[in-house]
Amino acid sequence: MEFNDDVALDTSQVQDMRGAGGGVGGRVALGGGGLGIVGVIIYFVLSQLGGVPAGAPLSTGDVSGGQTVSNTDLAQECRTGKDANTKSDCALVAVINSIQGYWTDEFARSGLTYQPAPTRFFSGGVNTACGSATADVGPFYCPADKQIYIDLTFFKELQSRFGAQGGTFAEAYVLAHEYGHHVQNLFGTSDRVRPGTGPQSDGVRLELQADCFAGVWANHATNVPTSSGKPLIRSISQDDVNRALDVAARIGDDFIQKNLGGGKVDESQFSHGSSAQRERWFTTGINGGDPTQCDTFNTRNLG
């Protein structure tokens with residue numbers, strides 16, 4: 001994945017809290033609270049081993065310290081696409097700019113107004129309107145405050161614990177999925193989701209649609225214009241796409257249950273979809289580039 005060197009980055013779309021020391025211990029509710037690409041990692045492991053009841057919110061333990069936002073360092077380091085080509089934090093800023101640029105234009109084409117959502121980089125723990133969480137929760141979107149939260153060490157976790165190949169575009173898929181949840185929130189889709197788990201549950205359909213929305217953005221990524229008229233993203237290779245699909249496969253419910261849990265796959269506890277489903281719906285989005293093809297709620301066969 002490459003960025004155009006001379007295109008300006010907008011760091012105002014990111015709120016850097018990594019020097020804040022975290023938030024107050026508590027819990028992020030599953031279902032009605034934060035919506036994440038993997039849910040709560042430890043939740044899956046413990047539920048397989050009998051540590052927490054299925055469907056229960058997970059207490060994330062105590063984290064302490066104040067919460068402040070300072071974008072000074074990020075603004076100084078991440079000025080153009082050239083910085084995004086050499087610095088991982090800047091690459092994420094560029095990806096966020098591109099994702100929100102796409103949805104701004106897509107909403108406008110439908111006569112609607114897209115409401116931008118900031119992404120908050122945190123370290124260790126964070127307070128949100130959906131509750132408080134540690135990094136174990138993984139990246140998530142909080143509908144209550146319309147913000148995305150991520151401890152960037154998660155990307156290392158994907159490689160070391162999940163065995164993913166990693167890479168910039170794989171990380172972009174994760175962020176694009178969370179922005180898919182923001183789009184669902186703006187459309188009111190999230191409010192209509194009925195509680196429950198299982199391979200055909202509304203929760204699974206919501207997550208697969210967010211995967212599809214991520215693919216839709218990826219289809220258009222090299223054509224999303226900035227204020228200068230030039231796209232931030234210069235190219236996405238087939239290797240990039242393969243790496244994103246590799247992540248999708250490794251965060252399926254079946255993969256997590258089998259490899260990070262007790263070794264047994266229990267479809268009744270699916271909340272995000274199987275590996276095959278996640279790959280299918282990201283592929284549907286990236287091949288078609290059409291958000292209307294992401295109607296997982298009226299699709300009988302989810303894959």
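# Exercises on disulfides and aromatic pairs

Counted along the chain, the bonded cysteines of the protein pair in the pattern 1-2, 3-4, 5-6. The model is predicted, so that local features need pLDDT of at least 70 and side-chain atom pairs count only at pLDDT 80 or more, while totals for chains, interfaces and linings use all residues. Residues are numbered from 1 along each chain as its sequence is written, and side-chain values use heavy atoms, with hydrogens and water left out.

## Exercise 1

Determine how many disulfides the whole structure holds, and describe the link of Cys 78 and Cys 90.

Solution. A disulfide is a pair of cysteine sulfur atoms within 2.5 Å. A search of the whole structure finds 3 disulfides. In one of them, the sulfur atoms of Cys 78 and Cys 90 are 2.1 Å apart. The angle about this S-S bond is -80°, and the link of Cys 78 and Cys 90 is left-handed. Distant parts of the chain are linked here: Cys 78 lies in the loop between α2 (72-77) and α3 (81-84), Cys 90 in helix α4 (residues 88-109), 12 residues apart. Helices (H or I, at least four residues) and strands (E, at least two) are DSSP runs, numbered from the N terminus. For accessibility, buried means under 20% relative accessible area, exposed over 50%, and partly exposed in between (1.4 Å probe, protein chains only). Cys 78 has 2% relative accessibility and therefore counts as buried; Cys 90, at 1%, is buried.

## Exercise 2

Solution. The sulfur atoms of Cys 130 and Cys 142 are 2.1 Å apart.

## Exercise 3

Carry out the analysis for Cys 212 and Cys 294.

Solution. The sulfur-sulfur distance of Cys 212 and Cys 294 is 2.0 Å. The disulfide is left-handed because the torsion about its S-S bond is about -70°. Cys 212 belongs to helix α7 (residues 202-220) and Cys 294 to the segment after α10 (275-288); the pair links distant parts of the chain, 82 residues apart. Cys 212 and Cys 294 are both buried.

## Exercise 4

Classify the ring pair of Phe 107 and Phe 187 and that of Phe 169 and Trp 217.

Solution. A pair of aromatic rings is described by the distance of the centres and the angle of the planes. Rings of Phe, Tyr and Trp (its six-membered ring) pair if their centres lie within 6.5 Å; planes under 30 degrees apart count as stacked, over 60 as edge-to-face and the rest as tilted. By this rule the count comes to 9 aromatic pairs. Phe 107 and Phe 187 have ring centres 5.0 Å apart and planes at 5°, so this pair is stacked. Phe 107 is in helix α4 and Phe 187 in helix α6, 80 residues apart. Phe 107 is buried at 4% relative accessibility, whereas Phe 187 is partly exposed at 42%. The pair of Phe 169 and Trp 217 is also stacked, with 6.2 Å centre to centre and 20° between the planes. This pair links helix α6, which holds Phe 169, to helix α7, which holds Trp 217, across 48 residues.
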